[in-house]
Every structure is written in C-alpha cells, then in structure tokens.
Amino acid sequence: MTLASTTLAAGSLSAASTDWTLLRPKLSDAVVDTLIMVSATMVIAGIAGLIIGTLLYTTRQGNILQNRWVNAILNFVVNFIRPIPFIIMVVALGPLMMSTIQVTIGIEAAIFAMVFTATFAVARIVEQNLVSIDPGVIEAARAMGASKTKIMFSVMLPEALGPLILGYTFLVIGVVDMSAMAGYIGAGGLGDFALQEGYRRFNWEVTWVAVLIIIVLVQFVQLLGNVLARKVMRR
Amino acid sequence: MSENTSETTGAPGEEMVVLSDVSKVFRTGKTEVTAVDSVDLTVNRGEIFAIIGYSGAGKSTLVRLINGLEPTTSGTLTVDGRTISGASESELRKVRTDIGMIFQQFNLMNSKTVAANVAFPLGVAGWSRERRSARVKELLEFVGLESKAKSYPDQLSGGQKQRVGIARALATEPHLLLADESTSALDPETTEEVLRLLKRVNQELGITVVVITHEMDVVSTIADRVAVMEKGRVVEQGPVYDVFSNPRTEPARRFVSTAVKTLPTGDAAAKLKRRHPGYLVNVEIKDQTPVGSVLAHIGQRGVSFNIVQGGLETLQGRTYGTLTLELTGEITAIDAVVEQLKTVTTVKEVRA
C-alpha cells in the first residue's frame with residue numbers, strides 16, 4: 001500500500017470524529033496569531049520597505065537623490081535577499097535573531113523573519129510603483145522650489161498612492177503565505193493549525209477549515225485594498 | 001487681482017535675465033552633447049521674450065538654466081540681479097519661488113484637486129492657511145476657473161489644465177514666468193485662449209514672460225522680442241518685427257516662411273513660371289512701402305502686372321511680407337519698371 005492511500009484512508013476514518021469543542025479554542029488562537037503576525041509584519045515591513053523602496057527610486061540616475069553607489073548597494077541587497085526561500089530564511093536568520101532579539105523560536109522570531117523578508121519585497125513593489133510617476137510632475141515641484149523631502153512626501157507618495165495600495169494588498173497574500181511556514185519555528189497560526197491539527201492527524205476537515213479561513217481573510221483584505229485604491233484613484 | 005507690482009524692484013526696460021557666454025554640456029559616458037553653446041541673451045523687465053527653434057535646438061535646456069533646474073556648465077546667468085550660475089541647491093530653491101514655470105504637458109498633480117495644485121507652491125513658500133485659500137480663490141478667478149476648484153486635473157480639458165498651470169505658476173507672485181512649449185499640446189483655438197491669458201499676465205500683472213516655442217504664430221501673437229536658436233546657439237535676436245521682416249539666417253527665414261509665402265525657389269518657382277509666362281519678380285512689402293503707387297503708373301510704359309502669389313502679416317502693428325508679381329510687356333519697359341520698384345523696396349527675380 002502506498003503512503004498516499006494510507007493517509008487518505010486514515011483521514012476518512014478520523015473525519016467522522018472531529019471534536020470541534022476541543023479544537024475551537026485552538027482555532028481561534030491560531031486566527032489571532034496569524035492576524036498578529038501578518039499585521040505586525042505589514043506595518044513594520046510596510047514602513048521599512050517604503051523607505052528602502054523610495055531610496056531605490058530616488059537614487060536612480062537623474063532622480064532627486066541620484067547616487068550611483070547607494071543605488072547599486074541597495075539593489076544588490078534586495079536582489080540578494082529576495083530569492084532566498086522563506087522556509088530557509090526563517091532558520092538561517094537564527095544567529096541574527098540570537099544577537100538581536102535573543103529568541104529563535106515563537107511568534108516574535110517568526111515576525112522578525114517575516115519583517116526581514118517582507119521589507120525587501122515591499123521595497124521592490126514601492127520602487128516599481130514610483131517609477132510610473134510622471135517625471136514632469138516632479139520637475140514642476142522642483143521648479144516651485146520644493147525641497148527633496150517635500151517632493152517625496154507631498155508629490156511622489158500621493159501621486160503613486162493608488163498603485164501603492166494595490167501593491168501592498170498584493171503583498172499581504174505573500175505575508176499570509178509566510179505566516180503559514182512560521183509554525184516551523186513554533187509560532188502557531190492558521191498554517192500551523194492546519195498542519196498540526198489537520199494534516200498530521202489525518203483530518204482533512206480541519207485542514208480545509210483552516211484553508212477556508214485563510215481564503216476568507218485574504219479575500220477580505222483584497223476587497224478592502226480594491227475599495228481604498230479605487231477611492232484614492234477616483235475611478 | 002490685487003497683485004502688488006510695486007514689489008518689483010526695477011522699472012520696465014531694465015535687465016531681468018542676463019546670460020553671458022552661457023554653455024551647457026551634457027555628458028553621458030564618453031559622449032558630450034553641447035545643448036546650449038555660448039549664448040548671450042538679455043531679457044528686459046516687463047517684456048515678453050520668445051525663444052524659437054526646432055526641436056533639439058536647445059531651447060528647453062536654455063529655459064531650465066534660467067531657474068537652475070539644470071546647472072550651467074560655463075558662463076554667468078543672473079535673474080533679477082541674483083546669480084543663478086553656480087548657486088547652491090538651497091539658494092536656488094529660494095530663487096525658484098520668484099520664478100513661475102509652465103509646461104507643455106501641464107505637469108499637474110493628478111492626486112490633488114485644482115485648488116490644491118494651485119496652493120502647492122504657496123505651501124512650499126510657507127504661506128499661512130488663510131492667506132493660501134484667499135490667494136487660490138483670487139488666482140482661479142484670474143484664469144476663469146473658480147468653478148473648477150474642487151475638480152481633479154483629469155476632469156479638465158487641455159486648455160483648462162494649462163490655465164490651472166498658469167494659476168499655479170503665478171501663485172507666489174513671481175516676477176518672471178517661464179513658458180516651456182506651453183501651447184504645443186493644444187489645438188489652435190485653445191492655443192489662442194492660453195496666449196491671451198499670457199498676454200494679460202504680462203500687461204495686467206507686469207510679469208516678465210519668457211516663451212519657448214517652435215511655432216511662429218506664438219511669437220507673432222504675443223512676443224516683443226525674439227531669439228532664434230539652432231544647434232544650441234542663438235543665431236539671431238531682436239525685436240520680433242525686425243527679425244522676421246528681415247531674417248538674416250536660414251532658420252529665421254524658415255520660420256518666416258511658415259507664416260507667410262516668401263520668395264519662391266526650386267520646384268515651387270518652376271511651377272509658378274510654367275503657369276505664368278511673364279517676368280516674375282518678388283517684392284518685399286514693409287509698413288508703408290509704396291509698391292502700389294509704382295504699379296499704378298506702369299501702364300503708361302505698356303507694362304501690365306498680375307499678383308500671382310504672396311503673403312502679408314501684421315507683427316506688432318506693422319506689416320511685412322512679400323508679393324510675387326508677373327510683369328508683361330516690352331523687355332526694356334519691364335526693366336525700367338523693375339528699376340523703379342527697386343527705388344522703393346527690395347526686388348528679387350524668381351528663378352527656377
């Protein structure tokens with residue numbers, strides 16, 4: 001008998017006896033953990049990525065902070081970090097976690113790894129959206145005597161706000177994906193719940209309930225992002 | 001508009017913008033491009049000065065040197081007595097609030113309302129909220145867009161967008177307005193509307209205007225003086241009438257020919273001669289050139305005439321242009337008529 005068929009057979013056996021009175025508190029804990037991990041990551045990485053992304057854009061040739069070296073270094077760092085699979089990153093960051101937050105497991109460690117990874121993803125998304133700004137608008141602001149910070153905060157970011165909201169929304173899904181792997185270092189959350197209470201106990205029902213909640217969560221965020229972006233872009 | 005023109009520090013006719021031996025060289029890798037080549041230019045206070053040239057002539061670069069958006073490579077440039085060439089970015093920021101600029105593509109912020117766009121430079125210049133909103137109202141009235149204050153730029157037509165651009169450029173009560181191809185993206189009717197507004201800006205508010213354009217019409221409609229640019233150099237400059245009624249360089253001549261029919265040459269001359277077998281001459285008409293009174297009497301010599309081509313234009317209230325005449329009659333009589341015409345104006349034979 002193959003492994004797959006064993007799992008299936010066992011799964012269909014235990015599915016009948018799912019005890020939701022026991023599982024419900026674990027499930028709500030998992031939902032809360034996921035929400036904490038995702039929102040903390042989006043806020044911290046959102047801000048850090050915004051700064052790095054804005055720097056990536058403004059240090060480009062011909063832009064207001066034009067600086068070949070800073071731009072090359074930032075690009076290298078982003079390109080270095082981005083391809084590392086998160087499941088590797090979450091363990092590879094162990095030494096860095098030890099020397100900074102002094103833990104390598106649990107929700108804090110997971111958030112640390114998620115923030116670290118997401119920051120560079122946010123940075124790229126921010127850069128790509130800023131590139132689409134009409135350079136003429138920036139020139140006009142310069143012609144009015146606006147300072148570089150004024151141009152960044154009062155011209156660039158507002159002009160690109162709609163696409164930026166959509167970009168951040170897109171990233172929430174990636175961050176939810178990361179949070180599912182956080183269970184690997186004991187951080188809990190819906191992904192961990194689906195694996196521990198569902199998959200490992202051959203209980204497909206539990207697995208799919210967790211999946212369903214994640215889908216609803218992501219759909220809600222996407223809807224919110226779309227509505228906000230439409231409002232900002234007035235179309 | 002309660003524009004305080006007494007703030008302007010000098011009297012009309014004084015120098016507003018002075019370029020002496022100004023050059024701008026762009027370097028990309030090993031290649032060097034001289035966009036502006038040893039330009040000497042003076043824009044007087046209170047005038048509308050046009051810089052005309054084909055694309056790539058360096059005129060857009062030149063105008064960006066004036067407000068320091070591009071640093072000069074060599075030479076000195078002053079605006080309103082302040083040295084722009086070699087000034088630091090923070091010094092330039094202060095200077096720029098006294099120089100308005102409008103653009104071909106308007107360059108309005110789509111994320112902000114019309115009122116917020118106009119208020120933006122006031123925020124930069126540090127005006128208080130109350131003064132800002134009063135000033136915005138005043139400016140939108142001046143450009144006739146008070147009803148569009150809460151609209152967004154993408155809800156406006158091209159002409160309306162440029163009027164918002166003008167209101168924004170005038171917000172901080174500048175002494176100088178730079179217009180970079182400000183009508184090139186507009187249809188002829190809207191172009192006229194924007195040019196009229198620029199004329200009002202100059203006459204009612206006393207603001208010096210520098211207009212960059214490739215359109216002869218723009219120059220003849222509003223400018224007092226003009227500089228013709230080609231390949232980074234100013235090849236000709238002076239009062240608009242003087243330059244265009246008597247163009248001395250090839251680019252100036254080409255611009256004049258876009259406005260009026262000039263001496264036919266080559267193919268055009270050959271075609272004209274085929275249709276008109278008589279002797280063809282081209283006579284220049286300026287102001288009160290008494291060509292008519294000469295022609296009125298040529299019948300006595302047995303010579304008759306026919307006007308076969310030509311164009312006259314009024315510039316700054318003065319006429320200029322050329323007429324091509326077909327003269328028929330005895331050869332000696334025609335010679336005599338040509339000699340007589342030469343006493344009153346420039347006469348050129350049309351050759352194929």
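Helices (H or I, at least four residues) and strands (E, at least two) are DSSP runs, numbered from the N terminus. By that rule, Gly165(B) sits in helix H5 of chain B, which covers residues 158–170. Keep in mind that this is a predicted model, where local features need pLDDT of at least 70, side-chain atom pairs count only at pLDDT 80 or more, and totals for chains, interfaces and linings use all residues. Residues are numbered from 1 along each chain as its sequence is written, while chains are lettered from A and ligands numbered from 1 in the order in which they are written.

**Chain A overall**

- Chain A has 11 helices and 0 strands.
- Reading from the N terminus, its elements go α-α-α-α-α-α-α-α-α-α-α.
- The C-alpha trace of chain A spans about 75 × 45 × 30 Å along its principal axes.
- Chain A has 235 residues, and 38% of them count as buried (20 or more other C-beta atoms within 10 Å of a residue's own; 12 or fewer is exposed, in between is partly exposed, and C-beta atoms are placed from the backbone).
- Take the chain A contacts between residues at least 6 apart in sequence: 72% of these join residues at least 24 apart. Here, two residues are in contact if their C-beta atoms, placed from the backbone, lie within 7 Å.

**How H2 of chain A packs**

- Helix H2 (residues 20–58) of chain A and helix H6 (residues 106–131) of chain A have axes that come within 6 Å and cross at roughly 40°. Axes are lines fitted to C-alpha atoms, for helices over the stretch in contact, and angles run from 0 to 180 degrees between N-to-C directions.
- That angle makes H2(A) oblique to H6(A), because under 35 degrees counts as roughly parallel, over 145 as roughly antiparallel, 65 to 115 as roughly perpendicular and the rest as oblique.
- The contact of H2(A) with H6(A) has 23 nonpolar, 6 polar and 3 charged residues. Nonpolar means Ala, Val, Leu, Ile, Met, Phe, Trp, Tyr, Cys and Pro; charged means Asp, Glu, Lys and Arg; the others, Gly among them, are polar.
- H2(A) also packs with helix H10 (residues 190–198) of chain A, at an angle of about 145° and with the axes 7 Å apart.
- On the H2(A) side of that meeting are residues including Leu23(A), Leu27(A) and Val31(A), and on the H10(A) side residues including Leu190(A) and Phe193(A).

**Back to Gly165(B)**

- Gly165(B) is buried, with 27 other C-beta atoms within 10 Å.
- Beyond its neighbours within four places in sequence, Gly165(B) is in contact with Ile102(B), Phe103(B), Phe106(B) and Leu108(B).
- Leu108(B) is 57 residues away along the chain, yet its C-alpha atom is 6.9 Å from that of Gly165(B).
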